Amino acid sequence: MKISEDRNITFIPYDIIANILRRLPVKSLIQFQCVSKDWENLIKSPSFIRDCLYHTGRPTPLLLLSQLGLTPRYCFQLLDPQSKQVLEIQNPPLIDSCSDLKIVGSCNGLVCLQVFHEDYGLYLPCSSNDSGTSPPYLLLWNPATRQFRKVPRTIEDFNVRHRLGFGFNPIDNDYKIVKLSSQFAVNPVEVYSLNSGSWEEVEFENLEGTIRISSWTNAVNGVVYWLGGKQRRSDDCDYSLVVSIDLTNQVCTSIPLPDLGSKKSRRLKLILYENKLAVLAITKSSLIHLWVMEEDTCASRGRWIWTKRYTCSLWSTRLSPFELNAATIWKSKIVSRPIRIFGDADETKRFCLIDLTTNEFKEFVIKCRRCNVLDINNYVESHVSVANINHKELQI
Amino acid sequence: MSSSVEAITVLSSDGDEFKITVSAAKLSKPLNWMLEDVCFSDDCDEVPTIEVNSKTLVKVIEYCEKHAPRANSGASDSDAEELKKWDIEFMKMDVKDILFHILMAANYLHMEGLYDLACQTAADLMKGMTVSQIRKIFHIKNDFSSEEQEQLRRQHPGCSFD
């Protein structure tokens, strides 16, 4: 009886296997690719990778980039604000000797890094003849699978006036890096596609006048955004609009910000809230407003609606509006970069969370390495590959 | 529809008879259809057969009877908490039984809750297993050539084929 039972059912349908596997952590998925070719193909398939991303049980910690006093100068950590657990992650190779490091963006578990080297200043503008050695360069990295890819050189070399953006386009299932000039409409825009593995120059219909673009960027639903403003004098720029580049139809739009009150008395931050673009305005009077942007599908095309979704204050906290260094929103809570209070030890990291819905303020202290937290990004563990479709072998 | 029916009788694939209450049967679409058939026909002598073995059917019915009151009326948070604990106890069985019997039955009987629970439990059990343990459970042969194994190892240095 037992034997016949076992002989009868030894086959489990594909969709059941997929449903079980998408609940596994990336570490197990990488391991179980070795079970058989069928399992490898399933785990690597774009539809399975997508199912994994949308599975609600995926951990969504914060990705911290910190600066250390010595070599290597940078380290990455994952912080779960709920359990307050910190997980050190292995640095991608190539960054240990860098002099400066920036996170361009983090999307579906892929992180785009801009890596600078010591002699950066000496070689400005960079000569484009020797590939690989002249910094800065871009790196695509998946911390969970530890895969990384050095992005090929841009057509026109980087300089300090360039701005970058990184986003995922769900329409063609492609990750893209956008490089444009901070004096937008002066230089062409370059777009790198992970699927094609190359850069492409894109011409945009000139927007009216020159727009100054800040380094604040965010991307969601196939559109990359920057905070921008109409240029007045060289360093006097008030950010009054959002510049967007749609990765599907490569259309550039300038979207005015809502009326945020006096320019002098507030700071702005481009942020994502519930998969929508939002702006945090922090006023001198310790008020924080969250404006969420939505496309008005009823009105004529190109109309955008800003809604003031939440207002909360810092009154019940000991934070001044200048100390609040909002980095991101994690589960309706504003996450501020750690603050220092007199007497705190070097390894004390004092994180602040402000719940937008309840105005509840939470502070927690984490003891970790002597480092300075430079950047906090949202992150989701995934096994999205940094290899493009045309070039299966990774360039290292 | 006759309201006097409180339970229906079904046969397992082994030919054993089982009783399942009307409210519990509502957790499964196919069982619900059977139930309607039984209620509509005046003299139905035929006992429907369910292609699930007796051992598994006992578990499935146990799950249905436990979850039926909540599914039919909704429940408080404390009930939900209690039910969660019960689910954990309920799923304490061999991973093979979950995979080849409970999951297949939940799939066949269209029971979303049990299917989800069984998938999650199986995933939790598989998390710590080695590749060869997985192959043994799923009756899968290693069909990689040594070159292919080498290539996968190059991409993911931590990979092990054992």
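Figure 1. Two strands pair if DSSP finds at least two bridges between them. In this predicted model, strand β6 (residues 137-142) and strand β7 (residues 147-150) of chain A run antiparallel and are joined by four bridges. At one position of this pairing, A:N142 stands opposite A:Q147 in β7(A). The two strands form a hairpin with four residues between them. In the turn, A:R146 has a positive phi of about 65°. A:K150 lies over the face of A:Y137, with 4.4 Å to the ring centre.

**Figure 2. A tilted pair of aromatic rings in chain A.** A pair of aromatic rings is described by the distance of the centres and the angle of the planes. Over all chains, a search of the whole structure finds eleven aromatic pairs. For A:F168 and A:Y175, the ring centres are 4.5 Å apart and the planes stand at 35°, so this pair is tilted. Both A:F168 and A:Y175 are buried.

Figure 3. The aromatic pair of A:F351 and A:F364 is stacked, with 5.6 Å from centre to centre and 15° between the planes. A:F351 belongs to strand β23 (residues 348-355) of chain A and A:F364 to strand β24 (residues 361-367) of chain A, so the pair ties together parts that are 13 residues apart in sequence. A:F351 and A:F364 are both buried. The charged end of A:K84 sits over the ring of A:F364, at 5.4 Å from the ring centre.

**Figure 4. An aromatic cluster with residues from chains A and B.** Ring pairs link A:F32 and A:W39 with B:F138 into a cluster. B:F138 comes from chain B, whereas A:F32 and A:W39 come from chain A.

**Figure 5. An annotated span of chain B.** An unreviewed UniProt entry carries the annotation "domain: SKP1 component dimerisation" for residues 113-157 of chain B. In the model, this span is 71% helix and 0% strand. The C-alpha atoms at the ends of residues 113-157 of chain B lie 38 Å apart.

**Figure 6. Chain A as the setting of the close-up views.** The secondary structure of chain A consists of five helices and 25 strands. Chain A has 396 residues, of which 52% count as buried. Among the contacts in chain A with a separation of 6 or more, 50% are between residues 24 or more positions apart. Chain A exposes about 19100 Å², and carbon and sulfur atoms supply 49% of this area.

How values were computed: Residues are numbered from 1 along each chain as its sequence is written. Chains are lettered from A and ligands numbered from 1 in the order in which they are written. This is a predicted model: local features need pLDDT of at least 70, side-chain atom pairs count only at pLDDT 80 or more; totals for chains, interfaces and linings use all residues. Side-chain values use heavy atoms; hydrogens and water are left out. Rings of Phe, Tyr and Trp (its six-membered ring) pair if their centres lie within 6.5 Å; planes under 30 degrees apart count as stacked, over 60 as edge-to-face and the rest as tilted. Buried means under 20% relative accessible area, exposed over 50%, partly exposed in between (1.4 Å probe, protein chains only). A charge sits over a ring if NZ of Lys or CZ of Arg is within 6 Å of the ring centre and within 35 degrees of the ring normal. UniProt positions are given in the numbering used here, feature names are shortened, and annotations may be inferred rather than shown by experiment. Contact means heavy atoms within 4.5 Å. Accessible areas come from the Shrake-Rupley method with a 1.4 Å probe; for residues, only the protein chains shown count as cover.
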